[in-house]
Structures are given as structure tokens and as C-alpha cells.
Amino acid sequence: MFMKKKISKKPNNMLKLKTKKNNTVKSKAKVTQFIVANWKMNPPHKEAAMAIWSGIKKAALEASASGVKTVICPPAVYAGLLAPKVLGSEGVAALGLQDVFYENEGSYTGAVSISMLQSIGATYVIVGHSERRIKLGETDAQIAQKVNLALATGITPILCVGEHTRDTHGQYLDVIRDQLKASLAGIDPKSIRKIIIAYEPVWAIGKTDKDAMKPSDIHETKIFIHKTLTDIYGSDAAKVPVLYGGSVSSVNAPAILENGEVDGLLVGGKSLIPEEFSAIINAAAGVALK
Ligand code: PGA
């Protein structure tokens, strides 16, 4: 029988830090930047996963004092192993998953439920990543179900949207608008502030740092996303964090954060390289302090 276990919901802007004596202290720094690591189907073994975390925790700790929330989204099989490290004695970052199943219980071989995610202390989940939409045939309806489940459980959904190509007639804007509408179908309008949007143009994912979207275009798209959301959900939606993802590196992160005026980054390839990802976290701290 499925047992609902509620894990207390912490406001996003309160980071819990542990002192050496293991006393919990709260950083009052208001979170203004989310730096999310999407490890995808990497690394190939658990020791490497632990090593990546060890390599980035110092930057995550230091940046947390400046209002940067680092969210680690490993493959599900490593999440339980990393949970005590990420959330335990170091307690400076949050744990998320890269996906969750759209039903909370039942016979679904291989699936991971939202309550499993919650039971290990994860507080974020990436939903609707383009690789899942395109390669695994995920539909808007399933994505909306996942968003609704996450919200009902107190988990923050990081909803990915983004066009495949940028045409010159602005049709990509329709694509983004339609994805937002369909993926958020059925949510309680009051929940809109509990969602994070990750804008990830598909054409910019997994390339070199020169192929990322230009900061001015990112900024324009962020404004369009807020306009779409406020038209539907009212002025509260203007505060929804909008992250950018797509070939982010330590080289382009400072300009994207500053001139793109996004509220953080969703980082794939470079989140597996501790020096790179630490530099990206540091860039966010630099922008957060301005
Ligand atoms: P990338 O991946 O940083 O390797 O482009 C981003 C993503 O797919 O989330």
C-alpha cells in the first residue's frame, strides 16, 4: 500500500547549512540564481559521480552565501547515494532528478515516482527536457501530469521549453507559447510561483560555447516567456525564475547571466567537469552580488 510521506517544504530562499559541529544554520541569502547540473546519463560509475560532487561542493558552499542555489540532478540510480553527501553534512546544494514518472503508483516497470524522489530528500525535478520529448516521445499531456504531481508533492518542477529551430518569421515564439500552455495545463494558478522555467533552445544544446544563444536573444525570450505566463496567470508570474540552457560554459556564463538577465542556468556537459561547473557557479555568485 502506498504511504504518503510528507517532507517539510522549505522556502526556496532559505539555504540550510551545517556547521562543523553539525548544527544546522540557515543562510539568509535570498536565492537570486539557480545553477542546475543536468548530468544526463553520466558518469558511467558511482565513484565518478561522487568525485564530481566532491569537486564542486566548495564552489557551491561559497556561492550559497551570495544567493546562488546549486541543484544537482544526477541519474536516478546515483541520487540515493549522493543524497547524504549533497544534503547531509555538506548540505549546501539541493538535489533534483532529471525526470519522474507521471503516475505516482502502479505497475510501471522501470519508472521512478515522485514520492521515491521525495523520500530521499530531493526537492527539484527537471520535467519535459527536449531529449525526453524528442528521443523518448514524451507528450505535453504527460509533462503537464508530471508538473501537477510535483506541485502537489511540494517538489519544484524545472520545466524545459524551447524551439527546435529559430525561423525568421517568429514562429519559434508560437512553439514556446504552445509548450508553456500545454505543459502547465491544469495547474492551480496560485502555484505558478512554485515553478522554474528552463528555456533551452534545442539547436543550442550540446555544442561548443560559441554556439550558445546570444545574451540579447536570451533576454528577449525571457521577456516573452514572462509575458506569456502573466497573460495566463497574472502579475505573479512575472516573478517565475527563467533559466537558460544550451552549451553553457565558464566562458559564456558571465555574459549570459549578466546580459541575458536570466535567473540561472541549466548546464549539461560542463556540469560533469568540476573546474568548469565551479567556475559557472562562481560566475553566478559574481552576478548575484551586483
Ligand atoms: P548542454 O546541455 O549544456 O550540454 O548543452 C544542456 C541540457 O541539455 O540541459
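This is a predicted model: local features need pLDDT of at least 70, side-chain atom pairs count only at pLDDT 80 or more; totals for chains, interfaces and linings use all residues.
Figure 1. The backbone of Ser 247 places a polar atom 2.7 Å from an oxygen atom of the ligand. From His 129, a polar side-chain atom is 2.7 Å from a ligand oxygen atom. The ligand taken alone exposes 280 Å², of which the protein buries 95% (Shrake-Rupley method, 1.4 Å probe; for residues, only the protein chains shown count as cover).

Residues are numbered from 1 along each chain as its sequence is written, and side-chain values use heavy atoms, without hydrogens and water. Local features need pLDDT of at least 70 and side-chain atom pairs count only at pLDDT 80 or more, while totals for chains, interfaces and linings use all residues.

**Figure 2. The shell around the ligand.** Residues around the ligand, each with a heavy atom within 4 Å of it, include Asn 38, Lys 40, Glu 200, Leu 266 and Val 267. The shell divides into three nonpolar, seven polar and two charged residues. Here Ala, Val, Leu, Ile, Met, Phe, Trp, Tyr, Cys and Pro count as nonpolar, Asp, Glu, Lys and Arg as charged, and the others, Gly among them, as polar.

**Figure 3. Two residues with positive phi.** Most residues other than glycine have a negative phi. Ser 247, not a glycine, has a positive phi of about 60 degrees. Its place is the loop between strand 9 (242–245) and helix 8 (253–259); helices (H or I, at least four residues) and strands (E, at least two) are DSSP runs numbered from the N terminus. Ser 247 is buried, at 11% relative accessible area, where buried means under 20%, exposed over 50% and partly exposed in between (1.4 Å probe, protein chains only). Glu 261 has a positive phi of about 50 degrees and sits in the loop between helix 8 and strand 10 (264–267). Glu 261 is partly exposed, at 42%.

**Figure 4. The loop between strand 3 and helix 1.** This loop, between strand 3 (33–38) and helix 1 (46–64), holds Pro 43. The peptide bond from Asn 42 to Pro 43 is cis, with omega near -15 degrees. Trp 39 lies in the loop as well and is buried, with 0% relative accessibility. Among the residues that Trp 39 touches are Trp 53, Cys 73 and Leu 272 (contact: heavy atoms within 4.5 Å).

Terms used. A polar contact is a pair of N or O atoms within 3.5 Å; within protein, one must be able to donate a hydrogen and the other to accept it, and residues adjacent in sequence count only if both atoms are side-chain atoms. Lists of a residue's contacts leave out its neighbours within four places in sequence.
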